[in-house]
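Q: Could you take me through this structure, please? I am new to it.
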Amino acid sequence: MIRITISNLARDAGSASADLGRRSLGELSNEGTIALLEKFRALDPVENLEAEPEIVLETRLNKFVIRTIQQRLYLYNPRRIDEPALKLSAEQIVAEVDGTAAAARTRAPFPARQDSTPTGEFGDQAHLLPAPAPPENLLESSHRLALAAALVGLSGYVVYPALLPMPADPAPPFEAIHDVGQIEKLHSQVAGVYVTGNNPGDRGIALAEDGTLKLFELNADSSPSLLQSTFQVGRSAGAFAVSGRQIGGLILPLGKTTLRYAGETYRRVE
Amino acid sequence: MMLDVLLVVAVVLLALVAGAVALHRQNQQKIITQVARDFTRFKTEFQDYLGKTASPSDHPVADTEAPRKPPFRSTFQWSAPTPAGGIYRWEHIENSTAAPSIRPALRARITAFAPHQNFTLSTADLTEIDRQIDDGNLVTGAFRTGFAGWPELTIRARP
């Protein structure tokens, strides 16, 4: 059943007048509604123009407004006033109102476009085409190709430094000793404080048996500047060597009291 | 359609990353150029000083050893941090360690002890500086990595 409300229209929809106002006709069957709409469609054009009558059809789920122009029926969705009217027959209108039309298709009728510009108030030249299917691809192939090229180019720009050969490590290859007993023995042998001199600006290395390393520089008016790290004992070019984290090179013991590091000779003081 | 969206998003994200990388590289290049310029300036100052006050056979420049000559003064702001972190230092080199040359020598270097320990130049950056002012090799020539891996430039009087 469809609930009917008429505006500026006689109860039988055979005539229209602006004086008639808005009235409810209660509920009608689909057949009764079709008959009413057919009568409405045949309304006198002059009365129609002056009174601007309309019929509101409602169900529990849908509400539509029907107007007639030049013997044609147009369906409007009052909830979607920005969408164009649909030119439909009385039967099609009832099918839209009771939902059978929506069930029979996968797309709603309203996402549609007009193929010509309406010339009258309701677009009497208008007839509707189905809404175009959403495009499979947003981009044209040339654009996609350009974006892919940009992607490759940008990736290359970001990663190319990693592909360049690294500058040669200034330190010669170092092979750490892993034997615990040997490490302890070498740690105790090499542990001590070594300096280049005892004037401001002279530098020193303090190696402890626990594997900690301190690099320091003597200052004129304050305590030495200090850099703390750890060290490993091992071999480099066949000789005993000490390597430390972030010290920029190997420390080479030269006998029991002397170290060579970064081009300078350090002598043991403790 | 989803592939297109992903492509656009990937390009935009990568463009942002590339922009950040470019900015970082530009800043790092500025630092490299500035440090190279500082070392060059210091070298020029020292060699100019030696040209006016010393002959190649003179003693190394040191107040105690060459009292008749004015001490070397640099226009550098030595206490200010370098663009790469750390601070510049300079020192005279004794003849024994400046071998085989007996020409007066001086070493300019960067140290990065606390509170200036945030030294930001990598080996690649230092190699680039070496390429600009010396032989491009950090284990040979006048510009090398020295104490704690920090750079140092040995400067001798012009022959």
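Q: What is the bridge partner of R3(A) in β2(A)?
A: The partner of R3(A) is E27(A). The model is predicted, so to speak of local features a pLDDT of at least 70 is needed, side-chain atom pairs count only at pLDDT 80 or more, and totals for chains, interfaces and linings use all residues. Residues are numbered from 1 along each chain as its sequence is written, while chains are lettered from A and ligands numbered from 1 in the order in which they are written.

Q: How many bridges pair β1 with β2 in chain A?
A: Six bridges join β1(A), residues 2-7, to β2(A) in the antiparallel sense. Two strands pair if DSSP finds at least two bridges between them. Strands (E, at least two residues) and helices (H or I, at least four) are DSSP runs, numbered from the N terminus.

Q: What is the strand order in that open sheet of chain A?
A: The six strands follow the order β2-β1-β3-β4-β5-β6, with antiparallel pairing. Strands β2 (22-28) and β6 (86-88) of chain A each have a single partner strand, so one side of each lacks a neighbour in the sheet.

Q: Which helix packs on it?
A: Helix α3(A), residues 90-98, packs on the sheet and touches β1, β3, β4, β5 and β6 of chain A. The direction of α3(A) makes about 15° with that of β5(A). Here, touching means contact, with C-beta atoms, placed from the backbone, within 7 Å; axes are lines fitted to C-alpha atoms, for helices over the stretch in contact, and angles run from 0 to 180 degrees between N-to-C directions.

Q: Changing topic: how many residues does each chain bring to the contact between A and B?
A: Chain A brings 29 residues and chain B brings 26 residues.

Q: And which element gives the largest share on the side of chain A?
A: That is α5(A), with nine residues. By class, this side of chain A has 17 nonpolar, eight polar and four charged residues. Ala, Val, Leu, Ile, Met, Phe, Trp, Tyr, Cys and Pro count as nonpolar, Asp, Glu, Lys and Arg as charged, and the others, Gly among them, as polar.

Q: Now chain B. What elements does it have?
A: Chain B has two helices and four strands, and from the N terminus on they run α-β-β-α-β-β.

Q: What is the order of its four-strand sheet?
A: The open sheet has the order β1-β2-β4-β3 in chain B, with antiparallel pairing. The edge strands are β1 (87-93) and β3 (143-145) of chain B, each pairing on one side only. Seven bridges join β1(B) to β2(B), residues 105-111, and E91(B) stands opposite R107(B) in β2(B).

Q: Which residues of α2(B) are buried?
A: In α2(B), residues 123-133, the buried ones are L126(B), T127(B), I129(B) and D130(B). A residue is buried if 20 or more other C-beta atoms lie within 10 Å of its own, exposed if 12 or fewer, and partly exposed in between, with C-beta atoms placed from the backbone.

Q: Where do they lie around the helix?
A: Seen down the axis of α2(B), they fall within an arc of 160°, so they line one face of the helix. The arc is that of the directions from the helix axis to the C-beta atoms.

Conventions
Two residues are in contact if their C-beta atoms, placed from the backbone, lie within 7 Å.
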